[in-house]
Amino acid sequence: MTAARILSIVIGYLFGLFTTGYFYARHVNVDIRQMGSGNIGTTNTFRTLGKKAGVLVFLGDGFKGVFAVLLVWLIFRGRYPDGVKILEAYAGLGAVLGHNFPVHLKFKGGKGIATTAGMMLAFCPQAVPVCLLLFVLSIFVKKYVSVGSLLVCIGFFIQTLIFGLNGVLGAPQQACFEIYLVVGAVCLLGLIRHQSNIRRLLNGTENKVGVQK
């Protein structure tokens with residue numbers, strides 16, 4: 001199944017290359033990389049180009065994670081019925097890698113949270129309610145998008161462990177350890193890509209939602 005793993009990552013990476021924020025900004029004749037924080041993801045698009053743009057970018061970046069996982073499931077569900085869940089996880093990892101390190105943008109992409117959420121929706125929809133609640137509460141209580149994003153990553157990984165151990169994940173127990181590793185890599189990428197946000201949170205200089213500095 002090694003070739004299938006590699007192909008799943010490649011499929012995910014190709015989906016991830018549809019950098020919605022960058023393409024939307026080019027459509028309205030601006031370069032999102034030269035605006036705000038310079039990030040091509042949802043938060044910077046929302047802050048610099050408005051709510052409509054932010055919603056469209058979130059949906060675009062999220063659905064590429066969904067489509068990558070679903071396509072891999074369609075391709076391999078018959079050939080590897082006991083291993084297809086592993087391949088779905090690799091597809092999600094590939095999509096996040098494509099978003100975070102897109103070759104056409106010299107490997108300078110976003111932080112991958114919307115794409116991770118899309119992967120979660122297709123791969124482990126049971127984890128969505130808790131992660132959504134964590135994200136919404138962090139916005140209302142702390143007004144930090146970055147805190148919500150970090151909680152989504154942590155919540156996704158913990159719930160994957162719980163659902164795997166309880167047999168809810170839909171994968172054989174022998175496949176779960178590898179799934180934990182792959183999902184852990186996805187969530188770790190999200191944490192690593194938020195290093196600057198974590199530093200600003202610790203320093204008290206992180207931007208809040210709806211607060212102009």
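## A buried charged pair

Both Glu88 and Lys85 are buried, meaning under 20% relative accessible area, with exposed being over 50% and partly exposed in between (1.4 Å probe, protein chains only). The model is predicted: local features need pLDDT of at least 70, side-chain atom pairs count only at pLDDT 80 or more, and totals for chains, interfaces and linings use all residues. Residues are numbered from 1 along each chain as its sequence is written, and side-chain values use heavy atoms, leaving out hydrogens and water.

Glu88 and Lys85 form a salt bridge, with their closest N and O atoms 3.3 Å apart. A salt bridge here is a side-chain nitrogen of Lys or Arg within 4 Å of a carboxyl oxygen of Asp or Glu. The two are separated by about one helical turn because they sit three residues apart in helix α5 (residues 84-100). Helices (H or I, at least four residues) and strands (E, at least two) are DSSP runs, numbered from the N terminus.

## Other salt bridges

How many salt bridges does a search of the whole structure find? There are five. One of them joins Glu178 and Arg5, at 2.7 Å between the closest N and O atoms. This pair links distant parts of the chain, 173 residues apart: Glu178 lies in helix α9 and Arg5 in helix α1 (residues 2-16).

Arg200 also pairs with Glu206, at 2.8 Å between the closest N and O atoms. Arg200 counts as partly exposed at 30% relative accessibility, while Glu206, at 6%, counts as buried.
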